[in-house]
Amino acid sequence: VSYWFDHRTVYLFILFSEFQTYLLVRREKMLFILIGLHIGSFIWITYLFYKHSRFIAYHFSMSLAIISSLWNTLAFGLLLNELLSAYFLYMIIIMTVAIGACSAILTGIILDFQSFYAGSVTGIMGGIMGPMLGDILSGSQSIALFIFIELICTILLFLSLQSSQIRREI
């Protein structure tokens, strides 16, 4: 008599569950690596803000503050939503709003008060939007969107700071 649930099925189930646990642990390590890369790129861009702050005009500094705070909060919202479960959504929103406000304060200290104000409003808005986007998207889509946002915004900010046409004359 052949049973549907025999010992081979149990072994396959155990093997599959161990593989899922391995992928889950590996995914968490990947998320921590992505968070570290994001923090590193944000520190690098902020250093470039500081280095070129004398040459940045006020209207361009507002655009830089808006882009950097929105990029920071959207990326952190996506990653924190992948790292933590949907049960902690309100905590993730509060954390990303605080991260957006801190990045806007840092940008405002480096550049000027107008950029602080514009960046803080955009950081708060991005802090609310980032976890919601992460909650709507599934795991692989959220990571792909994070990598897309990270690459586009880092390249955009770096190239705009290296451009000589938008700098002011001293």
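Modeller: Let us begin with Thr 154, which is buried, with a relative accessible area of 14%. Please bear in mind that this is a predicted model.

Colleague: Why is Thr 154 called buried?

Modeller: Buried means under 20% relative accessible area. Thr 154 has 14%, so the term applies. Thr 154 lies in helix H5, residues 139–162. Leaving aside residues up to four places away in sequence, Thr 154 touches Ser 41, Trp 44, Ile 45 and Trp 71.

Colleague: What makes His 38 buried?

Modeller: The relative accessible area of His 38 is 0%, and the limit for buried is under 20%; therefore His 38 is buried. His 38 belongs to helix H1, residues 7–51. With residues up to four places away in sequence not counted, His 38 touches Trp 71, Asn 72, Ala 75, Phe 76, Phe 146 and Glu 150.

Colleague: Why is Met 91 called partly exposed?

Modeller: Exposed requires over 50%, buried requires under 20%, and partly exposed is in between. Met 91 has a relative accessible area of 41%, so Met 91 is partly exposed. Met 91 is a residue of helix H3.

Colleague: Which residues make a nonpolar surface patch with Met 91?

Modeller: Tyr 87, Phe 88 and Met 95 make the patch together with Met 91, and its area is about 430 Å². A residue in a patch must have over 30% relative accessible area. Met 91, with 41%, therefore passes that limit.

Colleague: How do you know that the span of H3 is close to the one expected?

Modeller: Helix H3, residues 89–110, has 22 residues. From its first C-alpha to its last it reaches 31 Å, against 32 Å expected at 1.5 Å a residue.

Colleague: What makes the buried residues of H3 line one face of the helix?

Modeller: The buried residues of H3 include Leu 89, Ile 92, Ile 93, Thr 96 and Gly 100. Seen down the axis of H3, its buried residues fall within an arc of 160°, so they line one face. On the other side of H3, Tyr 90, Ile 94, Cys 102 and Ile 109 are exposed. In general, an α-helix has 3.6 residues a turn, so residues three or four places apart point the same way.

Colleague: How many helices and strands does the chain have?

Modeller: The chain has five helices and zero strands. Of its 170 residues, 38% count as buried.

Conventions:
Residues numbered from 1 in each chain as written. Predicted model: local features only at pLDDT ≥ 70, side-chain atom pairs only at ≥ 80, totals over all residues. Heavy atoms only, no water. Helix = DSSP H or I, 4+ residues; strand = E, 2+ residues; numbered from the N terminus. Buried < 20%, exposed > 50% of the residue type's maximum accessible area, 1.4 Å probe, protein only. Contact = heavy atoms within 4.5 Å. Expected span 1.5 Å × (residues − 1). Arc of directions from axis to C-beta. Patch = residues over 30% accessible without salt bridge, like charges linked within 9 Å, V, L, I, M, F, W, Y side chains within 5 Å. Areas by Shrake-Rupley, 256 points an atom, 1.4 Å probe, with all protein chains shown as cover. Salt bridge = Lys/Arg side-chain N within 4 Å of Asp/Glu carboxyl O.
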